[in-house]
Amino acid sequence: MDYYYMIFAQTIGIIAMGLDIYASLQKNDRRLIYISCAGSLVYAVHFFLLGAFAGALSELFNGIRTGLSSVTKSHILAYTFIIIYGGLLLIVPHDLFGTFPFLSSISITIGMYFFSGVVMRVFIIAGFFLWLIYSIKVFSIGGIIAYSILLITHTTTIFRLIGDDKKKNETNL
């Protein structure tokens, strides 16, 4: 890849990172979903430009999944996407790292649709960790920064939730 092409591809990734961070600041759930959907679609373009096709396909379906989640939280939708990611997992990756976007998307889908609280966040953190490794492998600057920040914030939130549960249990004694 030539220098200007790489700068363009990384700029798209930085824009996607900005959308992810902006989405996490939303108080309105619908805005959070729409901005996250847009972020996934921009990441799909970014990974495509980097030649990271597993990441591009996974983010494309993540954007669709996120958009549909504004309409329904159906377990059938979750199972549908898990099957889609599983099928892509079997046919797309060229190496072990190429499996990470699909494994991540499966983990995050399971967490979002079947759990809440700490358990949900553990599944999401597992997914973010896989995305971070993949982003390092394909040299996605926006992905590296975004998933590092998201890992820290979600881990911090887990400890805060656990602390809140301990305080609640102490007051109930």
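The questions and answers below concern a predicted model of one protein chain.

Me: How many helices and how many strands does the protein chain have?
Reply: Read along the sequence, the elements follow the pattern α-α-α-α-α-α-α. The secondary structure of the protein chain therefore comes to 7 helices and 0 strands.

Me: What is the radius of gyration of the protein chain, and what would a compact globule have?
Reply: The C-alpha trace spans about 65 × 30 × 30 Å along its principal axes. For 173 residues, a compact globule would have a radius of gyration near 16 Å. The value for the protein chain agrees with this, at 17 Å.

Me: What share of the contacts in the protein chain with a separation of 6 or more comes from residues 24 or more positions apart?
Reply: Of the 173 residues, 42% count as buried. Among the contacts with a separation of 6 or more, the share from residues 24 or more positions apart is 63%.

Me: Is H5 roughly parallel or roughly antiparallel to H6?
Reply: Helix H5 covers residues 100–114 and helix H6 residues 117–138, and their axes come within 8 Å. The axes cross at roughly 165°. Angles over 145 degrees count as roughly antiparallel. H5 is therefore, relative to H6, roughly antiparallel.

Me: How do the residues of the contact of H5 with H6 divide into nonpolar, polar and charged?
Reply: H5 passes H6 in a left-handed crossing. On the H5 side the contact includes Phe100, Leu103, Ile108 and Met112, and on the H6 side it includes Phe123, Leu130, Trp131 and Tyr134. Ser104 and Gly111 of H5 and Gly127 of H6 are also among the residues in contact. The division is 15 nonpolar, 5 polar and no charged.

Me: Is Ser135 buried or exposed?
Reply: Ser135 lies in helix H6. Its relative accessible area is 0%. Since buried means under 20%, this residue counts as buried.

Me: Which residues is Ser135 in contact with, leaving aside its neighbours within four places in sequence?
Reply: Ser135 belongs to H6, and helix H7 covers 141–172. Leaving aside the neighbours within four places, the residues in contact with Ser135 are Phe47, Ser140, Gly143, Ile144 and Tyr147.

Me: Where is Phe139, and what is its relative accessible area?
Reply: Phe139 is in the loop between H6 and helix H7. Although Phe139 is not a glycine, it has a positive phi of about 55°. Phe139 is partly exposed, and its relative accessible area is 46%.

Technical notes:
Residues numbered from 1 in each chain as written. Predicted model: local features only at pLDDT ≥ 70, side-chain atom pairs only at ≥ 80, totals over all residues. Heavy atoms only, no water. Axes fitted to C-alpha atoms, helices over the stretch in contact; angles between N-to-C directions. Helix = DSSP H or I, 4+ residues; strand = E, 2+ residues; numbered from the N terminus. Parallel < 35°, antiparallel > 145°, perpendicular 65-115°, else oblique. Left-handed = near helix turned anticlockwise from the far one by under 90°. Contact = heavy atoms within 4.5 Å. Nonpolar A, V, L, I, M, F, W, Y, C, P; charged D, E, K, R; others polar. Rg over C-alpha atoms; globule rule 2.2 N^0.38 Å. Buried < 20%, exposed > 50% of the residue type's maximum accessible area, 1.4 Å probe, protein only.
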